[in-house]
Amino acid sequence: MNKTVNQKAWFFVLPVVALVAFNAIIPLMTVVNYSVQETFGDNVFFWSGVMWFEQVLTSSRFHEALGRQLFFTFTILIIEVPLGVLIALTMPRKGPWVPVCLVLMALPLLIPWNVVGAMWNIFALPDIGLMGRFLNEIGFDYNFTRQPEDAWFTLILMDVWHWTSLVVLLAYAGLVSIPDAYYQAAKIDGARPWAIFRYIQLPKMKRVLTIAILLRFMDSFNVYTELSVLTGGGPGNSTTLLSIDLVKIALGQFDLGPAAAMSLIYFLIILLLSWVFYSLMMRNEEQ
Amino acid sequence: MAKINLNGLRHAYGANPQADADWALKRLDVEWQDGGAYALLGPSGCGKTTLLNIISGLIRPTEGRVVFDGEDVTDLAPDDRHIAQVFQFPVVYDTMTVYDNLAFPLRNRGVSEDVVDQRVRAMADMLDLSSTLSRRASGLTADGKQKISLGRGLVREDVNVIMFDEPLTVIDPHLKWQLRSKLKELHQRVRATMIYVTHDQTEALTFADKVVVMKDGQVVQVGTPIDLFERPQHTFVGHFIGSPGMNVVPCAVDNGEARIGDRVVSTENAGAVPTGATGLEIGVRPEFVSFAEDGLPVSVTKVTDIGRFRIVDTSFEGRSIKLLANEGTPIPSENAHLAFRQDKTRIYENGWIVASEAGA
């Protein structure tokens, strides 16, 4: 059979190629380029091989930032996912309150990220902030600008406030897609609420929860705006997560090579962990 | 096992029903005998599923009582009524194995494991699921899943009634027949009261000993498949059951004589028609119409060959009358006349049969 060959088709792919090139490939290759070179200014570059990668991977500064990052990510996941599911379970499935609940839930997601940071910064200020002042009034020695534990507490609280809604909305979408017949069958089978959750709701929410966990995982690894406005990584380096550290190296110290190497490592970690998590969830699905 | 009575049942989904149209179910009094196989037949939206959910306790009726074996269960929850229900779309617990699915209703009721094991294996055997017991339920085909739903209902020993809500909708056509005969076989073995909701007349007529035909929230007729065929109480039943449906032709009755146009037609119950009645129609099934030397003069408009016999469309003064002709029967091309079998030709008043001396 003769196939019609029409090379003009390539022409139609061009816009996409250009778009992807400009927004992904070229910036990424620039970073790769920086990561394997050394410069002493004046736009003169020398080949440096994997030197920067070795430096980043062996630096205790990177290890500490990564450790804080993992702690942050897993803490917020452990709080936000169960909390989100719990809230979604209490939301009405039908009736006039549904849109009200949905809008209330979506509100934190609609606020610009730097505003979230600024809001919480002021809210938590120990002398004038509503929460900061209140905590001190009732006897806590709370000062997030000086004490690392307080800074962490505020940071996690802010993230939970900001992002639990996303988990709620996704979990809710999973819940409302369960046909009524399942609940009716469970009633007839004499299932108690826990059994309904365990054998109907949770399995049916699995896909959306996988997405929710992945999104929250990636986003929390990339968290920057709110964090930089709230604590700026301080006090000291106590809340300096990977993104804050990266900006300090790249723009504060202008160490392009190490910053580029760190970006790539950072990117690969997210990619690797997401892939591992996703394939674990999906392998389970196929059984 | 139980006898079920529905006494003065009415149901409306909205609050404060006023008009007739507000009622999804209009006043029902039905009795379902213990161990019977019933079908609830009617077009979509006629209230079948509502009625089913009232019996199972998923919906509380606005008015009236549901009585199982003399005990009023109107206010009881579904799992206190000991009923089982199979839904239109198969409901299985995806993460469990077939075994655990079947065991679920028993375990929820705290039955001991060795009894569970014995019941589940017996049930799997009955439903031909034994070879798949250790498989995940989510991997089964639609008919397998539907068997699991059925098994979860039957596995309990105390089941009063098993209800089916159009259970074959998502089953492949060639498996429908198999599953249907399986159901019939199961009914013979367990002798539980079964109520089968469907809008498919073949399913209803093959499954049930008695068929309840519904229309617009009302029961139009309760009867054996033969009753429904030979003596439809309402032109709707005549239309809905049978393929093609009953011929319904407007008529007039004077002095105990029915006329279509100016032709007299002999019927079973013309004598019982009250004087001054309006909205009169003659109903006769195509099976009971034949060509004759003399009778209603018609012209043949269409002949459809459907295998064992032919459907002949004829027309009398613009009114269409169908009849069935066997393969050998010659079909006159002109001067055709029709004869109706008198004992199967009846007069309906505003849709309802006119009661004759022969009794309803």
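This is a predicted model: local features need pLDDT of at least 70, side-chain atom pairs count only at pLDDT 80 or more; totals for chains, interfaces and linings use all residues.
Which residues of helix α11 (residues 242-252) of chain A are buried? They are Leu242(A), Ser243(A), Ile244(A), Asp245(A), Leu246(A), Ile249(A) and Ala250(A). Here buried means under 20% relative accessible area, exposed over 50%, and partly exposed in between, with a 1.4 Å probe and protein chains only. An α-helix has 3.6 residues a turn, so residues three or four places apart point the same way.

Residues are numbered from 1 along each chain as its sequence is written, chains are lettered from A and ligands numbered from 1 in the order in which they are written, and side-chain values use heavy atoms, leaving out hydrogens and water.

Let us step back to the whole of chain A. It has twelve helices and two strands, where helices (H or I, at least four residues) and strands (E, at least two) are DSSP runs numbered from the N terminus. Along the sequence the pattern reads α-β-β-α-α-α-α-α-α-α-α-α-α-α. The radius of gyration of chain A is 24 Å, well over the 19 Å that the globule rule gives for 287 residues, so chain A is more spread out than a compact globule. That radius is taken over C-alpha atoms, and the rule is 2.2 Å times the number of residues to the power 0.38. The C-alpha trace of chain A spans about 85 × 75 × 35 Å along its principal axes, and 42% of its 287 residues count as buried.

Chain B has eight helices and 22 strands. Its C-alpha atoms fill a box of roughly 75 × 50 × 30 Å along the principal axes, and buried residues make up 51% of its 360 residues. As for surface, chain A exposes about 16,400 Å², with 71% supplied by carbon and sulfur atoms; chain B exposes about 15,800 Å², with 47% from those atoms. These areas come from the Shrake-Rupley method with a 1.4 Å probe, and for residues only the protein chains shown count as cover.

Now for the rings. Over all chains there are 18 aromatic pairs. Rings of Phe, Tyr and Trp (its six-membered ring) pair if their centres lie within 6.5 Å; planes under 30 degrees apart count as stacked, over 60 as edge-to-face and the rest as tilted. Phe72(A) and Trp152(A) have ring centres 6.4 Å apart and planes at 50°, so this pair is tilted. The pair links distant parts of the chain, with Phe72(A) in helix α3 (residues 60-90) and Trp152(A) in helix α7 (residues 148-176) of chain A, 80 residues apart. Phe72(A) is buried at 0% relative accessibility, and Trp152(A) is buried at 13%.

Finally, look at Arg156(B), in the loop between α4 (142-154) and β7 (161-165) of chain B. At 3% relative accessibility, Arg156(B) counts as buried. A polar atom of its side chain lies 3.2 Å from the backbone oxygen of Ile83(B). Beyond its neighbours within four places in sequence, Arg156(B) is in contact (heavy atoms within 4.5 Å) with residues including Ile188(A), His82(B) and Arg119(B).

Terms used:
A polar contact is a pair of N or O atoms within 3.5 Å; within protein, one must be able to donate a hydrogen and the other to accept it, and residues adjacent in sequence count only if both atoms are side-chain atoms.
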